[in-house]
Amino acid sequence: NRSLVVAVPALAPTLDGVVGGGLTLEAFEMNANLQAGLVRNPYIAGTTPNTAVQDFNTYVGYLAEFYDVSPDGLTYTFHLRPGLMSPLGNAITADDVLWSFERKWNTPTYSNTVWKSGFVGPEAISKVDDRTVAFTLTSAGFGLTFLGLLANLQGHIYDSTALKQHATSEDPYALEWAKANGGWGLGPYHVTSQTPDQEMVLTANPNYAYGAPAIGQVTLRVVGDAGTRASLVASGDVDIAEGTRPTDQA
(Lines give C-alpha, C1' and ligand atoms only; values in the text may rest on other atoms or scores of the structure.)
Protein backbone atom coordinates (compact mmCIF):
# COMPACT_ATOMS: atom_id res chain seq x y z
CA ASN A 1 0.00 0.00 0.00
CA ARG A 2 1.04 3.57 -0.64
CA SER A 3 2.11 5.70 2.30
CA LEU A 4 2.44 9.42 2.91
CA VAL A 5 4.54 11.50 5.28
CA VAL A 6 3.02 14.85 6.18
CA ALA A 7 4.81 17.71 7.95
CA VAL A 8 2.33 19.36 10.32
CA PRO A 9 2.54 22.35 12.70
CA ALA A 10 1.11 20.34 15.62
CA LEU A 11 -0.84 17.23 16.58
CA ALA A 12 -4.34 17.15 18.03
CA PRO A 13 -4.16 17.04 21.86
CA THR A 14 -6.87 14.36 22.03
CA LEU A 15 -8.30 11.71 19.72
CA ASP A 16 -11.75 12.08 21.28
CA GLY A 17 -13.67 15.14 20.15
CA VAL A 18 -16.29 14.55 22.84
CA VAL A 19 -13.80 15.55 25.54
CA GLY A 20 -12.54 18.69 23.83
CA GLY A 21 -9.67 19.44 21.52
CA GLY A 22 -10.98 22.76 20.29
CA LEU A 23 -11.95 24.00 16.87
CA THR A 24 -8.44 23.72 15.48
CA LEU A 25 -7.11 22.43 12.17
CA GLU A 26 -5.62 19.45 14.01
CA ALA A 27 -8.93 18.62 15.72
CA PHE A 28 -10.88 18.82 12.46
CA GLU A 29 -8.28 16.65 10.74
CA MET A 30 -8.59 13.97 13.42
CA ASN A 31 -12.37 14.06 13.25
CA ALA A 32 -12.40 13.71 9.45
CA ASN A 33 -9.90 10.85 9.43
CA LEU A 34 -10.85 8.87 12.52
CA GLN A 35 -14.62 9.34 12.85
CA ALA A 36 -17.75 8.69 10.83
CA GLY A 37 -21.46 9.37 11.22
CA LEU A 38 -24.65 7.91 9.82
CA VAL A 39 -24.64 10.37 6.90
CA ARG A 40 -22.14 12.73 5.31
CA ASN A 41 -21.88 15.52 2.78
CA PRO A 42 -20.71 13.94 -0.49
CA TYR A 43 -17.41 14.85 -2.16
CA ILE A 44 -17.65 16.51 -5.58
CA ALA A 45 -15.10 17.89 -8.04
CA GLY A 46 -13.70 21.27 -7.01
CA THR A 47 -13.22 24.23 -9.33
CA THR A 48 -9.44 23.80 -9.09
CA PRO A 49 -8.30 20.85 -11.25
CA ASN A 50 -7.74 17.55 -9.41
CA THR A 51 -9.38 18.72 -6.20
CA ALA A 52 -12.49 17.60 -4.34
CA VAL A 53 -14.77 19.55 -2.02
CA GLN A 54 -17.81 18.61 -0.01
CA ASP A 55 -21.33 19.58 -1.06
CA PHE A 56 -22.78 20.90 2.18
CA ASN A 57 -26.29 21.15 0.72
CA THR A 58 -26.65 17.40 0.18
CA TYR A 59 -26.63 14.37 2.51
CA VAL A 60 -25.88 10.78 1.56
CA GLY A 61 -25.50 7.57 3.51
CA TYR A 62 -22.22 6.96 5.34
CA LEU A 63 -22.40 4.31 8.07
CA ALA A 64 -26.04 4.11 7.10
CA GLU A 65 -26.58 2.64 3.65
CA PHE A 66 -29.60 4.91 3.27
CA TYR A 67 -32.25 6.70 5.33
CA ASP A 68 -35.89 7.59 4.93
CA VAL A 69 -38.11 10.28 6.41
CA SER A 70 -41.70 9.88 7.57
CA PRO A 71 -44.41 11.90 5.74
CA ASP A 72 -44.75 14.28 8.71
CA GLY A 73 -40.99 14.97 8.71
CA LEU A 74 -40.59 13.92 12.34
CA THR A 75 -39.03 10.44 12.08
CA TYR A 76 -35.72 9.72 10.37
CA THR A 77 -34.96 6.03 9.99
CA PHE A 78 -31.39 4.94 9.23
CA HIS A 79 -30.50 1.56 7.74
CA LEU A 80 -26.92 0.54 8.58
CA ARG A 81 -24.67 -0.99 5.96
CA PRO A 82 -24.59 -4.81 6.13
CA GLY A 83 -21.48 -6.29 7.72
CA LEU A 84 -20.36 -2.95 9.17
CA MET A 85 -17.28 -3.33 11.41
CA SER A 86 -14.81 -1.12 13.25
CA PRO A 87 -11.06 -1.10 12.48
CA LEU A 88 -10.71 -3.55 15.37
CA GLY A 89 -13.09 -6.01 13.73
CA ASN A 90 -16.05 -5.49 16.08
CA ALA A 91 -19.50 -5.61 14.49
CA ILE A 92 -21.31 -2.25 14.49
CA THR A 93 -25.05 -2.46 15.07
CA ALA A 94 -27.97 -0.30 16.14
CA ASP A 95 -26.83 -0.79 19.74
CA ASP A 96 -23.62 1.12 18.96
CA VAL A 97 -25.68 4.02 17.61
CA LEU A 98 -27.81 4.20 20.76
CA TRP A 99 -24.79 3.87 23.06
CA SER A 100 -22.87 6.55 21.13
CA PHE A 101 -25.58 9.11 21.80
CA GLU A 102 -25.85 8.01 25.41
CA ARG A 103 -22.09 8.59 25.74
CA LYS A 104 -22.36 12.04 24.18
CA TRP A 105 -25.21 13.15 26.42
CA ASN A 106 -23.47 11.89 29.56
CA THR A 107 -20.17 13.64 28.83
CA PRO A 108 -20.14 17.12 30.44
CA THR A 109 -17.88 18.62 27.76
CA TYR A 110 -20.24 17.59 24.95
CA SER A 111 -22.45 20.43 23.71
CA ASN A 112 -25.87 18.81 23.39
CA THR A 113 -27.60 22.22 23.38
CA VAL A 114 -27.15 22.43 19.60
CA TRP A 115 -29.74 19.66 19.24
CA LYS A 116 -32.37 20.90 21.64
CA SER A 117 -34.53 22.98 19.31
CA GLY A 118 -35.71 19.80 17.60
CA PHE A 119 -34.28 16.67 19.21
CA VAL A 120 -34.38 15.82 22.91
CA GLY A 121 -31.62 13.22 23.04
CA PRO A 122 -31.06 9.47 23.40
CA GLU A 123 -34.60 8.80 24.61
CA ALA A 124 -35.82 9.89 21.16
CA ILE A 125 -33.83 7.12 19.42
CA SER A 126 -35.34 3.66 19.03
CA LYS A 127 -33.85 0.40 17.82
CA VAL A 128 -36.01 -1.14 15.10
CA ASP A 129 -33.68 -4.10 14.60
CA ASP A 130 -29.92 -4.72 14.65
CA ARG A 131 -29.40 -2.68 11.47
CA THR A 132 -32.11 -0.06 11.83
CA VAL A 133 -32.51 2.95 14.14
CA ALA A 134 -35.17 5.65 14.19
CA PHE A 135 -34.73 9.21 15.48
CA THR A 136 -37.86 11.16 16.40
CA LEU A 137 -37.73 14.96 16.19
CA THR A 138 -39.96 17.45 17.96
CA SER A 139 -40.05 19.77 14.95
CA ALA A 140 -40.10 18.88 11.27
CA GLY A 141 -38.36 22.18 10.54
CA PHE A 142 -35.31 20.89 12.40
CA GLY A 143 -34.67 18.25 9.73
CA LEU A 144 -31.87 19.93 7.77
CA THR A 145 -30.12 21.06 10.94
CA PHE A 146 -30.46 17.51 12.27
CA LEU A 147 -28.81 16.02 9.19
CA GLY A 148 -26.07 18.65 9.37
CA LEU A 149 -25.29 17.73 12.97
CA LEU A 150 -25.27 14.02 12.15
CA ALA A 151 -22.91 14.58 9.22
CA ASN A 152 -20.33 16.60 11.08
CA LEU A 153 -18.63 16.88 14.47
CA GLN A 154 -21.70 16.12 16.57
CA GLY A 155 -22.90 12.88 15.02
CA HIS A 156 -20.05 10.38 15.22
CA ILE A 157 -20.80 6.74 15.99
CA TYR A 158 -18.38 4.68 18.08
CA ASP A 159 -17.34 1.07 18.54
CA SER A 160 -19.04 0.55 21.91
CA THR A 161 -17.46 -2.90 22.31
CA ALA A 162 -13.95 -1.41 22.29
CA LEU A 163 -14.81 1.50 24.57
CA LYS A 164 -16.66 -0.65 27.09
CA GLN A 165 -13.60 -2.91 27.36
CA HIS A 166 -11.67 0.08 28.70
CA ALA A 167 -14.39 1.57 30.87
CA THR A 168 -14.07 1.77 34.65
CA SER A 169 -16.52 2.54 37.43
CA GLU A 170 -15.06 6.05 37.60
CA ASP A 171 -15.00 6.45 33.81
CA PRO A 172 -17.91 4.38 32.40
CA TYR A 173 -17.49 5.76 28.87
CA ALA A 174 -13.69 5.28 28.64
CA LEU A 175 -13.12 8.98 28.09
CA GLU A 176 -9.56 8.90 29.42
CA TRP A 177 -8.56 5.85 27.40
CA ALA A 178 -10.09 7.23 24.20
CA LYS A 179 -8.03 10.44 24.36
CA ALA A 180 -4.85 8.60 23.39
CA ASN A 181 -5.95 5.30 21.83
CA GLY A 182 -7.38 4.59 18.40
CA GLY A 183 -9.54 1.97 16.71
CA TRP A 184 -12.90 2.87 18.29
CA GLY A 185 -13.82 5.44 15.63
CA LEU A 186 -15.26 4.32 12.30
CA GLY A 187 -13.54 6.69 9.88
CA PRO A 188 -11.12 5.86 7.05
CA TYR A 189 -8.12 5.69 9.41
CA HIS A 190 -7.23 4.80 12.98
CA VAL A 191 -4.22 5.79 15.05
CA THR A 192 -1.81 2.91 15.56
CA SER A 193 1.05 4.75 17.26
CA GLN A 194 1.93 8.21 18.48
CA THR A 195 4.68 10.12 20.23
CA PRO A 196 3.17 13.26 21.83
CA ASP A 197 4.22 16.49 20.10
CA GLN A 198 6.38 14.56 17.63
CA GLU A 199 4.66 12.01 15.43
CA MET A 200 1.40 10.16 14.83
CA VAL A 201 0.82 7.19 12.53
CA LEU A 202 -2.59 6.67 10.95
CA THR A 203 -3.33 3.28 9.41
CA ALA A 204 -6.08 2.64 6.87
CA ASN A 205 -9.28 1.11 8.22
CA PRO A 206 -9.76 -2.16 6.28
CA ASN A 207 -13.44 -2.16 7.28
CA TYR A 208 -14.19 1.42 6.20
CA ALA A 209 -17.75 1.98 4.97
CA TYR A 210 -16.56 3.13 1.53
CA GLY A 211 -13.85 0.48 1.20
CA ALA A 212 -10.24 0.43 2.39
CA PRO A 213 -8.47 3.73 1.55
CA ALA A 214 -5.85 3.66 -1.24
CA ILE A 215 -3.26 5.25 1.05
CA GLY A 216 -2.36 2.54 3.55
CA GLN A 217 -0.48 4.67 6.07
CA VAL A 218 -0.15 8.36 6.86
CA THR A 219 2.58 9.61 9.17
CA LEU A 220 2.04 13.07 10.68
CA ARG A 221 5.41 14.52 11.65
CA VAL A 222 5.55 17.71 13.73
CA VAL A 223 7.76 20.44 12.23
CA GLY A 224 7.18 23.74 13.99
CA ASP A 225 8.59 26.16 11.41
CA ALA A 226 6.51 26.83 8.27
CA GLY A 227 9.57 27.47 6.11
CA THR A 228 11.15 24.21 7.20
CA ARG A 229 7.97 22.31 6.39
CA ALA A 230 8.05 23.75 2.85
CA SER A 231 11.73 22.92 2.47
CA LEU A 232 11.09 19.31 3.42
CA VAL A 233 8.56 19.03 0.60
CA ALA A 234 11.01 20.58 -1.86
CA SER A 235 13.74 18.13 -0.82
CA GLY A 236 11.39 15.13 -0.98
CA ASP A 237 11.79 14.27 2.71
CA VAL A 238 8.00 14.60 3.20
CA ASP A 239 5.15 14.33 0.72
CA ILE A 240 2.89 17.10 2.00
CA ALA A 241 3.30 20.17 4.23
CA GLU A 242 0.37 21.70 6.08
CA GLY A 243 0.15 25.30 7.23
CA THR A 244 2.52 26.78 4.65
CA ARG A 245 2.75 30.51 3.93
CA PRO A 246 2.07 32.02 0.48
CA THR A 247 5.78 32.78 0.03
CA ASP A 248 6.65 29.14 0.79
CA GLN A 249 3.98 27.88 -1.59
CA ALA A 250 5.40 30.02 -4.39
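**Cavities, helices and backbone**

Colleague: Which residues line the second largest cavity?

Modeller: The lining of the second largest cavity runs through Leu-15, Leu-34, Gln-35, Gly-182, Gly-183, Trp-184, Gly-185, Tyr-189, His-190 and Val-191. The model is a predicted one, and it holds 2 cavities of 30 Å³ or more. To repeat the residues asked for, they are Leu-15, Leu-34, Gln-35, Gly-182, Gly-183, Trp-184, Gly-185, Tyr-189, His-190 and Val-191.

Colleague: Which strand supplies the largest share of the lining of the second largest cavity?

Modeller: Tyr-189, His-190 and Val-191 are among the lining residues. The largest share amounts to 3 residues, and it is supplied by the strand spanning residues 189-195, namely β10.

Colleague: How much space lies in the second largest cavity, and how many of its lining residues are charged?

Modeller: The space in this cavity is about 50 Å³. By class, the lining contains 5 nonpolar and 5 polar residues, while the number of charged residues is none.

Colleague: Which element gives the most to the lining of the largest pocket?

Modeller: The largest pocket contains about 630 Å³ of space. It is lined by 22 residues, of which Asn-31, Ala-32, Asn-33, Tyr-43 and Gln-54 are the closest to its centre. The elements giving two or more residues to this lining are α1 (25-34) and β2. With 6 residues, the element that gives the most is α1.

Colleague: How many residues in the lining of the largest pocket are charged?

Modeller: The lining of the largest pocket includes 12 nonpolar residues and 7 polar ones. The charged residues in this lining number 3.

Colleague: Is helix α3 largely enclosed or exposed?

Modeller: Gly-143, Phe-146, Leu-147, Gly-148, Leu-149, Leu-150 and Ala-151 are the buried residues of α3. The elements covering them include β2 (39-40), β6 (64-69), β7 (75-80), α2 (94-105) and β9 (132-136). Because 7 of the 9 residues of α3 (residues 143-151) are buried, the rest of the structure leaves this helix largely enclosed.

Colleague: How wide is the arc that the buried residues of α6 cover around the axis?

Modeller: In α6 (residues 226-235), the buried residues are Ala-226, Gly-227, Arg-229 and Ala-230. These residues lie on the same side of α6, because the arc they cover around the axis is only 160 degrees.

Colleague: Which elements do the buried residues of α6 pack against?

Modeller: Ala-226, Gly-227, Arg-229 and Ala-230 are the buried residues concerned. Their packing partners are β1 (2-8), β13 (240-241) and α7 (246-249).

Colleague: Which residue has a side-chain oxygen within 3.1 Å of the backbone nitrogen of Gly-227?

Modeller: Gly-227 is one of the buried residues of α6. The side-chain oxygen that reaches its backbone nitrogen, at the start of α6, belongs to Asp-225.

Colleague: Which residue just after α6 takes a positive phi?

Modeller: Most residues other than glycine have a negative phi. Here the positive phi is about 85 degrees, and the residue that takes it is Gly-236.

Colleague: Is Asn-50 buried or exposed?

Modeller: Asn-50 is not a glycine, yet its phi is positive, at about 65 degrees. Asn-50 sits in the loop between β3 (43-45) and β4 (52-54). Its relative accessible area is 86%, and over 50% counts as exposed, so Asn-50 is exposed.

Colleague: Is Ala-174 buried or exposed?

Modeller: Ala-174, also not a glycine, has a positive phi of about 55 degrees. Its loop lies between α4 (160-165) and α5 (175-180). With a relative accessible area of 0%, Ala-174 is buried.

Technical notes: Residues are numbered from 1 along each chain as its sequence is written. This is a predicted model: local features need pLDDT of at least 70, side-chain atom pairs count only at pLDDT 80 or more; totals for chains, interfaces and linings use all residues. Side-chain values use heavy atoms; hydrogens and water are left out. Buried means under 20% relative accessible area, exposed over 50%, partly exposed in between (1.4 Å probe, protein chains only). Helices (H or I, at least four residues) and strands (E, at least two) are DSSP runs, numbered from the N terminus. Contact means heavy atoms within 4.5 Å. On a 1 Å grid over the protein atoms alone, a cavity is a set of points where a 1.4 Å probe fits but cannot get out, and a pocket is an open set with protein on both sides within 12 Å along at least five of seven lines; lining residues have an atom within 4 Å of a point. Grid points are joined across faces, edges and corners, and a volume is the space filled by probe spheres set on the points. Ala, Val, Leu, Ile, Met, Phe, Trp, Tyr, Cys and Pro count as nonpolar, Asp, Glu, Lys and Arg as charged, and the others, Gly among them, as polar. The arc is that of the directions from the helix axis to the C-beta atoms. A polar contact is a pair of N or O atoms within 3.5 Å; within protein, one must be able to donate a hydrogen and the other to accept it, and residues adjacent in sequence count only if both atoms are side-chain atoms.
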